Amino acid sequence: MASSRTLTLADVRRVDLGAVTAPPGDPDAGSTVPVHGFAVTHPAGVVLIDTGVGEPRPGSFVRDWRPVARRIDVALAELGLAAADVRMVVNTHLHWDHCGQNAVFTHAPFVVQRREHETARGRQGIVWEWFEVAHARFELVDGEREILPGLRVVPTYGHTVGHQAVVVETDQGTVVLGGDAADSAQSFAAEDCSLGAEPEDRARWREAVRQVKALDPLRVLFCHDPTAWQRGGDGGPPPAAG
Ligand SMILES: [Zn+2]
């Protein structure tokens, strides 16, 4: 039985997993964005949200987007964590820059929305190959679910058909790990996204942004923006722990 210690803001940390550069022909061509995951140090074990880009190998995503992938075990070690400490992996969605190093964590279940999993399986692309290599153990979720005390996944469909965010209840307020629910804090604030981040369902995407705002979060963090959205702090400096 996990202790009931309340989570704090210091329990939520970014994991620096490298960067990708939009290829020629993309609306954001030439722009480089960081790739982050997040680690939540829960009393029951570390929960890792997204695993970044996988090892470079032949394949159009990796060729076109020139990823600089950081090994996730190295990134975790910088935070004083080991891969073995990870009890559970949440994939916000199954794009190649969010689940590329899942194979490092075959000891842990991968929490994914069922509709996202079914869509990826239907496409049988490079991402699916990574899973087959990983012999992944999925925990498929339909909508909102508490995964540990103080931690839950919530559906934020739109960027992909089964995108989800992670909601962390801390002693100072709600923190949302938004994945790609918006491409940046600015995009989240404005409820508009760049052409390069065109969602699979734009109407549903906007609805998801509003649902996250309705949680009255203290801060919302995204995978491709080092700046956090902060309640009442539009334009302010990013919070130290964000
Ligand atoms: Zn992404």
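In which sense do strand β2 and β3 pair, and over how many bridges? Keep that in mind as you open the model, which is a predicted one.

**Stop 1: the whole sheet.** Show the strands. You are looking at an open sheet of 7 strands with mixed pairing. Read across it in the order β4-β1-β2-β3-β5-β6-β7. The edge strands are β4, residues 68-69, and β7, residues 138-141. Each of these two pairs on one side only.

**Stop 2: β2 and β3.** Select residues 32-42 for β2. Now look at the link. A hairpin of 2 residues takes β2 into β3. Then pick out T41, which stands opposite V46 in β3.

**Stop 3: β3 and β5.** Move on to I49, which faces V90 in β5.

**Stop 4: around β3.** Why is β3 largely enclosed by the rest of the structure? Because 4 of its 5 residues are buried. A residue counts as buried when 20 or more other C-beta atoms lie within 10 Å of its own.

**Stop 5: a helix across the strands.** Select residues 114-123, helix α3. End at β7, one of the edge strands from the first stop.

Technical notes:
Residues numbered from 1 in each chain as written. Predicted model: local features only at pLDDT ≥ 70, side-chain atom pairs only at ≥ 80, totals over all residues. Pairing = 2+ DSSP bridges. Contact = placed C-beta atoms within 7 Å. Axes fitted to C-alpha atoms, helices over the stretch in contact; angles between N-to-C directions. Buried ≥ 20, exposed ≤ 12 C-beta atoms within 10 Å, placed from the backbone.
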